Amino acid sequence: MQSVTVELEAASTMELVNALSTIATELATRQAPESAAASLELAETLAAATDLQESALATLIGRVDAAGEQQRWGYPSTRAWLRSKLGMRESRAKERLTLARQRHRIPQVTKRLAAGELSYGYATTVAESVARLDDTDCAQAEATLLDMADQGFSAGKVATFGQRIRDVIAERDGTEDAPDADTKHGYDKSWITTTRSLDGGRYIKGWLNPEDAAIWDGTLAPLAKPAGPDDRRDVSERTAAAMSSVLSGGHKATKVTVICDLETLTGGNAPARLTDGTPIPAGQARRIALAAGVSPLLLGRGNTPLYLGYRERFASAAQRQVLETLYPTCAVRECETPGTLCEVDHVGGWALGKSPTDIDQLALTCGWHNRFKHTSPDQIHITKDPDGRYVYRLLPPPDARQRSGHGPPGDSDPPDTTFNWAA
């Protein structure tokens with residue numbers, strides 16, 4: 001058993017975090033007391049202590065986010081860092097990041113959370129409720145929601161009232177959301193409802209079944225890619241622009257890939273699949289393979305040239321089709337960007353003469369990590385998995401690596417073939 005001795009006032013933040021980590025490690029191995037009443041009391045005390053840790057964590061996340069430090073470590077956004085490095089699910093990453101970014105706008109919540117007078121659940125509820133309000137409305141909403149918490153309303157009811165506050169303010173400002181669409185439709189048929197707003201715009205809501213969703217993705221995903229490094233639009237804005245391009249006719253043909261055996265396409269019963277892994281019954285695969293803009297990718301020998309050597313700089317459409325089948329997401333292990341939104345990357349660098357435009361020398365990486373790989377080559381470790389796909393792993397910045405002794409993944413990683421592309 002380890003011994004922990006810390007002088008609280010004299011200790012640095014690093015020393016306190018290390019001491020807390022040691023205590024938490026020991027506590028995690030302890031068995032719960034035989035007494036259920038004692039367990040209840042300890043659970044409440046531990047939960048309150050956890051809330052205090054969340055207050056400290058929000059402060060640290062806020063500092064990382066404000067400085068953009070996560071980009072130096074290979075993560076395009078703070079939320080990506082929280083999901084990948086800290087192992088948070090999307091909902092928890094969003095929740096913690098919202099609290100970190102709103103702390104300065106909700107001073108009473110921040111103060112009471114740090115003093116142990118308000119739970120993390122209430123704090124994140126208020127932070128989410130005020131995130132889209134201006135400073136004046138934010139201050140009034142904070143006071144109202146804190147008063148509800150003090151009266152003993154549950155965090156869920158406070159969240160509901162927070163939504164009501166946003167609705168009232170949106171109605172006052174003429175920016176109210178569209179009314180709820182009819183959600184009683186089945187899941188077999190696709191449906192879309194639209195409602196015109198007062199300023200001439202339209203709210204859109206609906207559901208697409210898997211077949212139509214595949215056509216949606218195949219049509220819009222290639223058009224929704226960032227226009228370049230200076231494109232600051234988020235995915236929803238780029239998707240809207242892509243849809244406008246399609247509706248106006250200024251788009252390429254729809255591209256949906258159905259992966260199947262030749263026997264399936266000619267009458268067999270083996271199921272096919274879409275590039276995201278969605279299984280498609282054989283009959284449905286044959287039907288949609290005949291639809292306009294849907295191309296079958298046959299697994300077997302063919303006449304499509306996939307090896308272009310050095311004479312071609314850019315990957316062909318056929319090569320990209322295969323790559324999107326191999327890489328459902330960015331090749332960077334920690335990145336979740338869909339492969340359909342990624343760029344084709346020459347693993348060894350085409351300009352360096354080390355990577356011809358051949359299918360076994362290409363991978364898919366998102367635009368951010370493609371640029372990061374070429375600006376920070378010593379922070380990308382590339383291997384091949386047993387299926388022949390390239391796997392890119394992020395390494396710490398050189399200065400941090402020297403301090404901690406971190407290097408490329410070692411024996412604890414699955415066996416694969418190292419590809420030293422920077423050599």
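Modeller: Tryptophan 368 counts as partly exposed, at 21% relative accessibility. Please keep in mind that this is a predicted model.

Colleague: Why is tryptophan 368 called partly exposed?
Modeller: Buried means under 20% and exposed means over 50%. Tryptophan 368 has 21%, so the label is partly exposed.

Colleague: Is phenylalanine 372 buried or exposed?
Modeller: Phenylalanine 372 has a relative accessible area of 6%. The limit for buried is under 20%, so phenylalanine 372 is buried.

Colleague: How many aromatic pairs does the structure hold?
Modeller: The structure holds 1 aromatic pair. Tryptophan 368 and phenylalanine 372 form that pair, and the pair is stacked.

Colleague: What makes tryptophan 368 and phenylalanine 372 a stacked pair?
Modeller: Their rings are 5.3 Å apart, centre to centre, and pairing asks for centres within 6.5 Å, so the two rings pair. The angle between the planes is 15°, and under 30 degrees counts as stacked, so that word applies.

Colleague: Why are arginine 79 and glutamate 90 not listed as buried?
Modeller: Arginine 79 has a relative accessible area of 28%, and glutamate 90 has 34%. Buried would need under 20%, so both are partly exposed.

Colleague: What about arginine 320 and glutamate 324?
Modeller: Arginine 320 and glutamate 324 form a salt bridge, with 2.7 Å between the closest N and O atoms. Both residues lie in helix H14 (residues 317-326), 4 residues apart, about one turn of the helix. Arginine 320 has 16% relative accessible area and glutamate 324 has 6%. The limit is under 20%, so both count as buried.

Colleague: Why does the contact of aspartate 385 with arginine 389 count as a salt bridge?
Modeller: The N to O distance is 3.4 Å, which is within 4 Å, so aspartate 385 and arginine 389 meet the rule. Aspartate 385 is buried at 19%, whereas arginine 389 is partly exposed at 27%.

Colleague: Which residues lie nearest the centre of the largest pocket?
Modeller: Pro226, Arg233, Val235, Arg238 and Thr337 do, out of a lining of 41 residues. The volume of the largest pocket is about 1400 Å³. H4 supplies the largest share of that lining, 5 residues. By class, the lining of the largest pocket has 16 nonpolar, 11 polar and 14 charged residues.

Colleague: What is the lining of the second largest pocket made of?
Modeller: The residues there are 16 nonpolar, 6 polar and 3 charged. Helix H1 (13-28) and helix H2 (36-67) are the elements that give two or more residues to the lining of the second largest pocket. H2 gives the largest share, 13 residues.

Terms used. Residues are numbered from 1 along each chain as its sequence is written. This is a predicted model: local features need pLDDT of at least 70, side-chain atom pairs count only at pLDDT 80 or more; totals for chains, interfaces and linings use all residues. Side-chain values use heavy atoms; hydrogens and water are left out. Buried means under 20% relative accessible area, exposed over 50%, partly exposed in between (1.4 Å probe, protein chains only). A salt bridge is a side-chain nitrogen of Lys or Arg within 4 Å of a carboxyl oxygen of Asp or Glu. On a 1 Å grid over the protein atoms alone, a cavity is a set of points where a 1.4 Å probe fits but cannot get out, and a pocket is an open set with protein on both sides within 12 Å along at least five of seven lines; lining residues have an atom within 4 Å of a point. Grid points are joined across faces, edges and corners, and a volume is the space filled by probe spheres set on the points. Ala, Val, Leu, Ile, Met, Phe, Trp, Tyr, Cys and Pro count as nonpolar, Asp, Glu, Lys and Arg as charged, and the others, Gly among them, as polar. Rings of Phe, Tyr and Trp (its six-membered ring) pair if their centres lie within 6.5 Å; planes under 30 degrees apart count as stacked, over 60 as edge-to-face and the rest as tilted.
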